[in-house]
Each structure stands twice: as structure tokens, then as C-alpha cells.
Amino acid sequence: LIHPNKATMKVLLLFIAISSSLLCEAVSAFATNHSRRHRQLSLSSIFGSDGAAMKESASSMMTSSLADEYAIRTQSDRPNELRWDFIPINNFAEEQNNAGVGTLALKALNSCGHHMAQQERDTMIKKHSLQCEWSKSSANVWSINVGRTTKETDDGNDFPRELDCVLSRLMVQYALSKITTTNPDSEEEAQKGDDAILLHVTLPLPEGLGCQQISLSHENYDDCVRHLFTPLNSEYAQMELVDMVNNNGDVLGSLPRPYVHTFNILHRGIGMIVTNKSIFDTNSNDTGGKSSTPDVYVHQRTSTKRVFPSLYDMFVGGVSTSGEDATWTAAREVAEELGLKRALRVLEQGGDNNSLDNPLSNELFQCTICTSYNRCVVSMFAYTCDTSSETIKWQEEEVAWGGWVPYDVVEVAGKLSIDRLKEKGVWPGTGEDDYEDERVTNDESEAEMKELKSKYNIDEQQEQPWESWDFVPDGLLVWVAWLKWVEGNADIL
């Protein structure tokens, strides 16, 4: 661990003690640094160098996010104010449009994330709003208030109270970051310890509005978040923390991972293709074309998996923990899932993606994938496995089978899997727009697979026929983004 000094202690910890009828809680905060696999976990580093993901300018900046059935339009009109407007995602549906649930969520995310003309804004029915305001009451006392307004509708559906409670705590994190990063006096006073800053925080609790008293001193950012969420669910508050992000991938705040799944909140993660030779290998063969493409490591999930049992995946994937750099997430996930630890060792020894002995690429691109159960801004990487010195070792409870598969086989198998999802009406994307290969029909894909079996001397009675592989839908959405990225990079594959 890197030990903190007074100059770097900027992060807030909330130590909560519930008082009597007002549900007032006493909280203290201090800063520390994590290992080098994490960014320095101060509020300024979590939210950006200026203390926030949403950087104000002369005209307020509007961004967006997703949670539950809502697109969230985030906006800060004044220096000491933050507003989140909740708009039902179904508002963005069009008649006679076969857009899947993922495409609809992306449309809502992109539409809310920019400045709109008044006429366009009026067509968006705002269901609910959270408003966070903070002000300095006296020399060392601040007040933070989070209020809610709900528009009455004919459908009789109330806005989820628990979602209010969860997201209001992310808004408080934003306010705390602004107080400490835009008010030098507050930061200096907080570091004195004996003259700590006191904050009165009013925000939603399950039983109604509650009041918290917060004292700034020196604590750990993770503990700050955990104590904020303890009144909601003390068990969840001790679990892994992840970051909620906006449409730009900027962090809005941190929360316990179970809430991400409960409310399908937009968060950060990684995807990684593992190959047995570099995807950047452009050596030409005798005919002037590229040498053989690499094989891709494909695995099948066990039949006992709670989610997508027995389905296949052409990627390694995982969720970034709060403050964790995407490169570290990628190195950690491939080590945990496949036992490939070279990249992790390089990073732990102070190297980076540019080190000659690091098999992990730099981040290749980002894509946002949305399904009815997962919304994630995915950072994509490639890992080149040295099969002469590395051995893949998967977890038996996670993986039923794994092996190297020719890249062109994965292409056709992925196309056939997407076609089957479309035929069943459960593809989370749209129609042909998601897979720009209209020259290949389903029958032609099957014929192409037959040719590939002949090319690779595969018996027609193959135990696990390539053409029957059903891939995880999330992975297929990333695969579509991967193909588009490859198409735009002539030197790849």
C-alpha cells in the first residue's frame, strides 16, 4: 500500500450513528490511498480533477445514465446544485419499431445526454426528479439537502422508493466532493482534526426524510460509501463497491454491487478477447495476403450457473470495482477466470500495457451494452496467450469446456447465434443494423460453416457442433461492437 500524507488526505468517510427521532447519524471522514491497481481513491480522483464528472462551464453540462425503467438526465444549473430527472425509457419507443430492449435503452441514454431544443424537451414526460443543494451555513458548517418531486400519472405506478434512497446517496457523494475540492478552506479545516467541518445532510430514507450529521476528518473513501448505505441495508453496505457512470463513462458515484443488479444501473466493466497470436500481427503470406488469423479462446459455462447456464462466450469479462483502473480489471479477470497471470505480474511489478513482456493490449475501444439485466460501459482489451509457456486453467464450477477455435469459425458461429435470438424475438438489439453483414443469410452461414469444417478437417458428427453454439447475449453485443471496430482498422486481423 502507498501510505497517505496530509497533503493527499482528501477523501471522506462517513461514520454513522443514528440519533433519536430525527434519524440523525454522525459521520466522520478521512483519506487514504489504495494499491496501485486503483486510482488514488479520493473524491477528487473518483469524480475528476475538478471534483466532479459533470464539469460545469458557462452553460451547464447535461449528461445521462440509466437505472431501472428510467433514463436519468443529470444537470447542474448552478455551482451548488445538482438535479437528476427520471424519464421512462418507454417514452422513447416508436410505433412499428422492432427495437430490442437494449437498443431502446441506448436511445434513451443518448437522447437525454445532450442539450435539447425546448420542443424536444417538452415531448419527454418527466416522471420524477431528485434535487441536491448544498450551502455554507457558517464558518465550518455546511448543509446538504436532497429533495424529491414526483409527477402524478394515470398508470398508478409509484416511483420506487428504494431507488430514491440509493441514488440520493450518489448525489450526496457529488456534493461532498464539490465541498472539499472547490472550497480550500473546508479542506484545510477538515485536515486540522480538532476543528472539523460539520455537514447537516437531509436525504430520503425508507421511512421518510432523515437527517445526518457528518464530521470531516481523515478516513477511507470505501468506508465513506459503506456508511452512507448502512441505514438502507447493512449487509449490502459491506459488499463490493462499483461505480455508477454516465453516458460518457464518467463516474457519478459508488454503491454496493447488489444495487447495480437490482436496478440494472449503468456501470463500468471490461471485455477481453484471448488469442494465441497477436491480433496486430500483419505478416503477409506468399500471395500478398495476411498470414493465418489467430485462434480465439472460447469457453462454455457450466449447466449449474445461475445466469446463462451452458451458453458459450468468446470473451473474458468482468465488472470494475470502485476506483479500479480498467487495465487492472482486465489483468485481474483473465488471471481469475483462466489462470493467465502474466499481465497481472507485469502491473504488480510496476510495468504497464506498453511493457514488452505484457501480453495485455492497451484499451482498444469502449462500447455501451444494454440488456434487460445488464447495462455496462465496456472497455475492450486483447490478451495474447503464449501457449508455449502459459497454460489455461479455468474454474471447474464456472467452465464446463474451453478451447482454441479459429477466428473465422467464431465469426460464423456468432452470426448464427444472433440469428437464432432474432428468430425468437429476444435479441436485445435491433435487426440487421446490429450486424452489418447482409450478404450472409442464415442458410449461407450454415453453408459457410460446412466449408470451415472441411477446411479444418472437422468431423460432421462433431460432439459440440460449432453451428449450434448459443452465445451469451451480452457477449454477442460486445462481439458486434468488436466487428465494427475491426472493420475500421485495416491493420487488425
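## Cysteines

How many disulfides does the structure hold? This is a predicted model, and it holds zero disulfides. To count here, a pair of cysteine sulfur atoms has to lie within 2.5 Å.

Take Cys-367, which is in no disulfide. Its nearest cysteine sulfur belongs to Cys-376 and is 8.3 Å away. Cys-367 is also buried, at a relative accessible area of 11%. Cys-370 is likewise in no disulfide, and for Cys-370 the nearest cysteine sulfur is that of Cys-376, at 9.2 Å. With a relative accessible area of 3%, Cys-370 is buried too.

## The largest pocket

Now for the open space in the model. The largest pocket contains about 1,200 Å³. It is lined by 36 residues, and those closest to its centre are Arg-257, Arg-301, Gly-317, Gly-318 and Val-319.

## What lines it

Which elements each supply at least two residues of the lining? Three are helices: H8 (257-262), H9 (326-338) and H13 (473-487). The others are strands E11 (267-275), E12 (295-301), E14 (316-319) and E16 (375-384). H9 gives the largest share, with five residues.

Definitions and conventions. Residues numbered from 1 in each chain as written. Predicted model: local features only at pLDDT ≥ 70, side-chain atom pairs only at ≥ 80, totals over all residues. Heavy atoms only, no water. Buried < 20%, exposed > 50% of the residue type's maximum accessible area, 1.4 Å probe, protein only. 1 Å grid on protein atoms, 1.4 Å probe; cavity = no way out; pocket = protein on both sides within 12 Å on 5 of 7 lines; lining within 4 Å. Points joined across faces, edges and corners; volume = space filled by probe spheres on them. Helix = DSSP H or I, 4+ residues; strand = E, 2+ residues; numbered from the N terminus.
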